[in-house]
Amino acid sequence: MKLYALIAFVFLLSSAAHRIKTPPVRASVNYDQLKEIIEKNDDKLYVVNFWATWCRPCIEELPHFLEVSSAYENQAPFQMILVSLDKAELLETDVAQMITKLNIDNDVYLLDDNKRMNYWISAVDSTWSGAIPATVFYKNGQKLHFTEGQLTKEELTTIIQKHL
Amino acid sequence: MKNITLLFIAITALTLSAFKLVDYAPSTSKTTEDVVPQGYAIGDEASDFSLKNIDDKMVSLSNYPDAKGFIVTFTCNHCPYAVAYEQRIMDLDAKYASLGYPVIAISPNDPALVPEDGMDEMKKLASTKGYTFPYLLDEKQDVYPLFGATKTPHIFILHKENGKNIVKYIGAIDNNYANPEDVTERYVEDAVDALIAGTKIEVTTTKAIGCSIKDSRKKK
């Protein structure tokens, strides 16, 4: 009986540890600020997904991105960051509603740097035409992979496994 | 007893993590690399096309013998960026059609995937807004890949040289989709103005966020 109690206790502890988390970030940033967030020297794999509430293929792929994210976030040096390209004034309305609807607990930044698009789209990746969704993978400030267009759950997992 | 407990816990933990890994293990080892769209580069000759307009007539570039060039604009009904630029596309045609550079708008999306981008909806939008330019449907979706358009809006400025339509500019209309009052770079106007003046176009390619072109044959 003592044994069961102990096992139950260990389970509770470990699941609690999984849930203890600082509240996710919801903030508007410019490209320079975003760069500092995603290009850190901390051995973590950063999966950065560019999306918008109005973008259908983005909303289509987000649920499996979130699934993959929660599968990895406590098991590996890994973080998925969602970068919304909605209009800045929609952060508290449309973007917040979508965060609730999709139950997103990842950090969400709204990239409010619309007039410099011609600069930062190429800075993210020279092959990016500007169509979304787009996903970029970084580790220690190095870009490891870039995809313009949707990623399936399997494709996303494969890229993560390759670069973890 | 202590050892058995620890062993049991260890096995349980291992089993659990193994399950998680298996759950999310890739089912295929194939990585899909994106194919960079081919399409036109600056200086290329653009092929003519024949696409159905909102008046059910076919439109080709050769229907405009007096044009000095074209502002070919891939746009559509549904995309918020395209919507944000509707008035500015009309303004471009109002300003430049009479100077020899009419707007030719082409909707590249598959209406089966985006019903709002179907011909009937295009007709409604054009009549509500009072479009003064052709609004063509790329029904077979074989014109947009030729240009290399990837999103809406996506602009290609053509200039007639020795009877050929040469691509002179590829990209965005200006540098602020959200607020036309706060535009500081008018890429398309600058390029057409340079063509009219016979001077060099300073910025020949630009990038902006847009809605991906909806085509069931490719990744979205």
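## The model

This is a predicted model, in which local features need pLDDT of at least 70, side-chain atom pairs count only at pLDDT 80 or more, and totals for chains, interfaces and linings use all residues. Residues are numbered from 1 along each chain as its sequence is written, while chains are lettered from A and ligands numbered from 1 in the order in which they are written.

## Chain A in outline

Chain A holds 6 helices and 7 strands. Both are DSSP runs numbered from the N terminus: helices are H or I with at least four residues, strands are E with at least two. From the N terminus on, the order is α-β-α-β-α-β-α-β-α-β-β-β-α.

Chain A has 164 residues, and 37% of them count as buried. Buried means 20 or more other C-beta atoms within 10 Å of the residue's own; exposed means 12 or fewer; partly exposed lies in between; C-beta atoms are placed from the backbone. Take the contacts in chain A with a separation of 6 or more: 73% join residues 24 or more positions apart. A contact means that two C-beta atoms, placed from the backbone, lie within 7 Å.

## The six-stranded sheet

Six strands of chain A form an open sheet with mixed pairing, in the order E1-E4-E3-E2-E6-E7. Two strands pair if DSSP finds at least two bridges between them. E1 (26–29) and E7 of chain A are the edges; each has a single partner strand, so one side of each has no neighbour in the sheet. Neighbouring strands are turned by 25° against each other on average, direction ignored. Axes here are lines fitted to C-alpha atoms, for helices over the stretch in contact, and angles run from 0 to 180 degrees between N-to-C directions.

E1(A) runs parallel to E4(A) (residues 107–111), with 4 bridges between them. There, A:Ala27 has A:Tyr109 in E4(A) as its bridge partner. A:Lys139 stands opposite A:Gln142 in E7(A). The hairpin of E6(A) and E7(A) has 2 residues between the strands, and A:Asn140 takes a positive phi near 50°.

## Helices of chain A

A:Ile37 lies in helix H2 of chain A. A:Ile37 has 17 C-beta neighbours inside 10 Å, so it counts as partly exposed. Leaving out residues up to four places away in sequence, A:Ile37 touches A:Ile81 and A:Tyr109. A:Ile37 and A:Tyr109 are 72 residues apart in sequence, yet 9.9 Å apart in space, C-alpha to C-alpha.

Helices H3(A) (residues 56–72) and H6(A) (residues 153–163) pack at about 35°, with axes 9 Å apart. Residues in this contact include A:Phe65 and A:Val68 of H3(A), and A:Leu156 and A:Ile160 of H6(A). The contact residues divide into 5 nonpolar, 2 polar and 2 charged. Here Ala, Val, Leu, Ile, Met, Phe, Trp, Tyr, Cys and Pro count as nonpolar, Asp, Glu, Lys and Arg as charged, and the others, Gly among them, as polar.

## Where chain A meets chain B

A second open sheet has 3 strands, in the order E5(A)-E10(B)-E7(B), with mixed pairing. E5(A) and E10(B) (residues 210–212) pair in the parallel sense over 2 bridges. A:Ile132 stands opposite B:Cys211 in E10(B).

A:Ile132 also belongs to the largest nonpolar core, which has 93 residues; A:Val83, A:Ile132, B:Ile71, B:Ile157 and B:Val188 touch the most other members. Such a core is a set of buried Ala, Val, Leu, Ile, Met, Phe, Trp, Tyr and Cys residues joined through C-beta atoms within 7 Å.
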